Amino acid sequence: MYTYLIVDDELIERKGLCMLLKKVDKNGTILQAANGEDALAVLEENQVDVLMTDINMPFMDGMGLLEQVHKKYPEMASIIFSGYDDFGYAKKAISYGVSEYILKPVNPEEFEKAVRNILAELEQSRQEERRKDESIDFIKEHLLYLMVNGQSKASLQEKAMDLIDLNFVDGYQRMLLLECNGNFFEQMDETILKGMRKVLGISFQYLNLNPEQALLFFTEEPTKEWATVGEQLVAYFLLECGQTCFVSVSADMQTYPMEITEHFALVEKQMEEKFYAVDKHVFLPFQQQETYEDTQEDAERLIGQIQLDIKHRDMENLQEHFQLFCDRYQFQKNFSQIYIKFMFSNLLKEIYSHLTDTDEKLLNRAIDRLYHCNDMQSMIVILQTSIDKLQLQMENSCGTKRREVEMVQQIVKKKYSDSGLGVDQLAMEVNMTPNYLSSLFKKETGENLSTYLKRFRMERAKELLSDTNKKIGDICVECGFVNVSYFCQSFRETFGVSPKKYREQGE
């Protein structure tokens, strides 16, 4: 819809032009002014697309108005009306960028033709602007995708210099990692994004990572807490999309300036907490420090996490959780020594229950030594020694982990064409829980399992585009995608060009 401003000191002339204009554009907004000075005031308050002005008017005539408009609003289309067939007027009007020059009395057919010509030019201009904006958005997404996946801003700046200023990333305040089960983000569309923006009341840059993960980049702080933002997203996905969503919030990217890939590594690591926290869906930075108040509750929770670490042979997390467990009590003076020794003995029993070269008699001796300790550090040494034994025991059979990862990679090679192949199905194939498989795969390869699956499919798609004449739609299906638009979007994000252009360039 377009907005027009008709400027004429004769009311009857303005009404006549309004009637003619309504026949051409019945949905347009029409504003009026009686002279050039009034017109400038209207332009200050309104976004006008087309100016229609008479030449002869009091206070400020049409030429004076056009001179001011040409300086302040050079992109505005304009039509002038004159009762004189004066070449001098026409020549001057051209210098002000006037689109059409119409003699009075106005011929309706000539007027309609002039307006339609201008509308056609405006529509073409808008389409070009939209294409330009879409192109810039795509370039941003591609560069963000590369930075998330390890490339530094400095390494990309030289390549992107002629296309876009990479300083746009310096404006980001927060990064939110979203994770859903299944292939939900493959079906993401503008309707869902629009709903998310409406719920949050704040704009963001969306970046698809893989069918199970997406990132939101925010350039401003919301009026509410980030925990509330996360809970609102979780509720929206559950109620509107029927999806269980997890949200990991980054630290303030202005306060802690780092590469995008470093912030992503932190929110991804933070997301791993969902493996332990069954009923928790939003994970915040520095949250552990904020929850130290209830030491007893935290320590009991950590024992539960350590039990899971042992069960899943995750020694890295076990060591981390044990350190946190010690931190809970090391400087606490509001607990009796007997209570702290009781908590440590419970943890010791849990560790000894998984040691193969021990028995109840050895456990009792260890507990007895623990209760005779005179300081916290001596107790920590006893626990750490038992953990070291457990780690050595697990390292002797560590080849199992690598075999499971290799098995997953072989399954991907054989079944990547299956659109249903995702973390859940791969976990079933190797008899693991999805969360544990994802954690194990990341620790062994340094790459997220969903990202590995998507990258494998993309590389296969590139081979098929280079080596075969298969249709893009057929390649999409063969590479395990059900949505051609999502396939093309993923290809552009990964390689910087569309599948069609990649094939044409032969790169």
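Modeller: Sorted by class, the lining of the second largest pocket has 11 nonpolar, eight polar and 10 charged residues. Here Ala, Val, Leu, Ile, Met, Phe, Trp, Tyr, Cys and Pro count as nonpolar, Asp, Glu, Lys and Arg as charged, and the others, Gly among them, as polar. Bear in mind that this is a predicted model: local features need pLDDT of at least 70 and side-chain atom pairs count only at pLDDT 80 or more, while totals for chains, interfaces and linings use all residues. Residues are numbered from 1 along each chain as its sequence is written, and side-chain values use heavy atoms, with hydrogens and water left out.

So what's a pocket? On a 1 Å grid over the protein atoms alone, it's an open set of points with protein on both sides within 12 Å along at least five of seven lines, and a lining residue has an atom within 4 Å of a point. This pocket holds about 660 Å³ of space, a volume being what probe spheres set on the points fill, with points joined across faces, edges and corners. Its lining has 29 residues, and Glu141, Glu190, Leu193, Gln205 and Tyr206 are the ones nearest the centre. Two or more lining residues come from each of α5 (108-148), α7 (190-200), β7 (205-210), β8 (213-218) and α21 (484-495). Those labels are DSSP runs numbered from the N terminus: helices are H or I with at least four residues, strands are E with at least two. Helix α5 gives the largest share, five residues.

The buried residues of α8 are Trp226, Val229, Gly230, Leu233, Val234, Tyr236 and Phe237, where buried means under 20% relative accessible area with a 1.4 Å probe, protein chains only. Looking down the axis of α8, these fall within an arc of 160°, so they line one face of the helix. The arc is taken over directions from the helix axis to the C-beta atoms. Why one face? An α-helix has 3.6 residues a turn, so residues three or four places apart point the same way.

The length of α8 works out too: its 16 residues (226-241), at 1.5 Å a residue, should span 22 Å, and its end C-alpha atoms are 22 Å apart, which agrees. That expected span is 1.5 Å times one less than the number of residues. Just after α8, glycine 242 takes a positive phi of about 65°.

Technical notes:
On a 1 Å grid over the protein atoms alone, a cavity is a set of points where a 1.4 Å probe fits but cannot get out, and a pocket is an open set with protein on both sides within 12 Å along at least five of seven lines; lining residues have an atom within 4 Å of a point. Buried means under 20% relative accessible area, exposed over 50%, partly exposed in between (1.4 Å probe, protein chains only).
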